[in-house]
Amino acid sequence: MQKSTNDLVSIVIPTYERPRLLQRAIGSVLSQSYDNIEVLVIDDSERCEGLEVCAGFHDPRIRAYRNRRGKGACGSRNTGIELAQGAFYTGLDDDDYFHNDRISVLMDAYRKTHSFVASNILQVREQRKSPRFRGGRAIRLSDILWGNCVGNQIFTETSKVRSVGGFDEDLEAGQDVDLWIRMIERWGDALRIERCLYMMDYDHGEARISTTVEITRRVSGFLERHGDKLSTAQRLLYAMRMRSGRKAPYLALAAATLVFPGSWNYWIKRTTRVW
């Protein structure tokens, strides 16, 4: 596909009973400096509050749908991907919001040779704002297998996401990293840029911190799906994550990973937040 300077970009926003936050999310999309966009809001609730919020904007670029049955966030994202008319796709969670230049900057950064591009994330927590990562970088398969060094949203060609089947709705958790891996396997290295163009809001009053049970489910599903691709050091790292609440096994496994030189680079990058 030859990239045009004015290709249509589809932004998919799944939502569930958070009208105030959804209004902010949509507002940040409609304020983009790149204006050839469509906003696909997929309401997974029976209360139709999301549809009402969309109608209140009176903007023809917004297309709102309600699931006939509950699909969850990833099912709703897949619905949006199926309905997307844009040459390019990106997503937004209803409790987060975009920097005004997000689409234009990612469009400029994207190349056909990339599986996708992503931006740095600005974490808004207790009135403090801090970037999740330090610096931009190319992301290879060997990098993403250590863990999610991408974030929760990507920018890419819609056809590329469709070609790998979108988000796997059978996974209980970790569907985003699973998709990033399949994208990189199919389409090659990805790119993360340094600028913080995605605002992840922890201060809106809704819990978004994963519980130990959720982390265990995520790791278990990941190992079942991608365990055969991991090095020994990476396997030890995932074992650590499943035991993060138990200090002694965690420290023992952390020490064990240092036996493998391949893990040193990861720990250095993780400590400095370059990873």
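Analyst: The turns below treat a helix, the nonpolar cores, the aromatic rings and a strand. Please note that this is a predicted model.

User: Which residues of α1 are buried, and what covers them?

Analyst: Burial is judged by relative accessible area, with under 20% counting as buried. In α1 this holds for L21, L22, A25, I26, S28, V29 and L30. Their cover includes the strands β1 (9-15), β2 (37-43), β3 (62-66) and β5 (97-98), together with helix α2 (49-57).

User: Which residues touch the most other members of the largest nonpolar core?

Analyst: That core holds 35 residues, and F116, I144, V150 and W180 are the ones that touch the most other members. At least two residues each are supplied by β2, α3 (72-83), α7 (175-187), α8 (212-226) and α9 (232-242). Helix α7 gives the largest share, six residues. A second, separate core has 31 residues, among them A25, I62, I193 and L197.

User: With which residues is V150 in contact, leaving aside its neighbours within four places in sequence?

Analyst: V150 is in contact with F116, A118, S119, F133, I139, I144, W180 and R192.

User: How is a pair of aromatic rings described?

Analyst: One gives the distance of the centres and the angle of the planes. This structure holds seven aromatic pairs. In one of them, F167 and W180 are edge-to-face, at 6.2 Å centre to centre with 65° between the planes. The pair links distant parts of the chain, for F167 lies in the loop between α6 (158-163) and α7, whereas W180 belongs to helix α7, 13 residues apart.

User: Are F167 and W180 buried or exposed?

Analyst: F167 has a relative accessible area of 5% and is therefore buried. W180, at 1%, also counts as buried.

User: Why is the pair of F222 and Y238 called stacked?

Analyst: The two ring centres are 4.6 Å apart and the planes stand at 20°, so the pair is stacked. It links distant parts of the chain, with F222 in helix α8 and Y238 in helix α9, 16 residues apart. Both F222 and Y238 are buried. Elsewhere, F88, Y110 and F155 form one aromatic cluster.

User: Where does the charged end of R77 sit?

Analyst: The charged end of R77 sits over the ring of F167, 5.6 Å from its centre. Another such case is R186, which lies over the face of W187 at 4.0 Å from the ring centre.

User: Finally, in what sense does strand β6 pair with β10 and with β7?

Analyst: Strand β6 (residues 117-125) pairs with β10 (residues 190-201) in the parallel sense, over seven bridges. Here I121 stands opposite Y198 in β10. With β7 (residues 128-131), β6 pairs in the antiparallel sense over four bridges, and P131 in β7 is the bridge partner of L122. The hairpin of β6 and β7 has two residues between the strands, and E126 takes a positive phi near 50° there. Strand β6 is mostly covered, as eight of its nine residues are buried.

Definitions and conventions. Residues are numbered from 1 along each chain as its sequence is written. This is a predicted model: local features need pLDDT of at least 70, side-chain atom pairs count only at pLDDT 80 or more; totals for chains, interfaces and linings use all residues. Side-chain values use heavy atoms; hydrogens and water are left out. Buried means under 20% relative accessible area, exposed over 50%, partly exposed in between (1.4 Å probe, protein chains only). Contact means heavy atoms within 4.5 Å. A nonpolar core is a set of buried Ala, Val, Leu, Ile, Met, Phe, Trp, Tyr and Cys residues joined through side-chain atoms within 4.5 Å. Rings of Phe, Tyr and Trp (its six-membered ring) pair if their centres lie within 6.5 Å; planes under 30 degrees apart count as stacked, over 60 as edge-to-face and the rest as tilted. A charge sits over a ring if NZ of Lys or CZ of Arg is within 6 Å of the ring centre and within 35 degrees of the ring normal. Two strands pair if DSSP finds at least two bridges between them.
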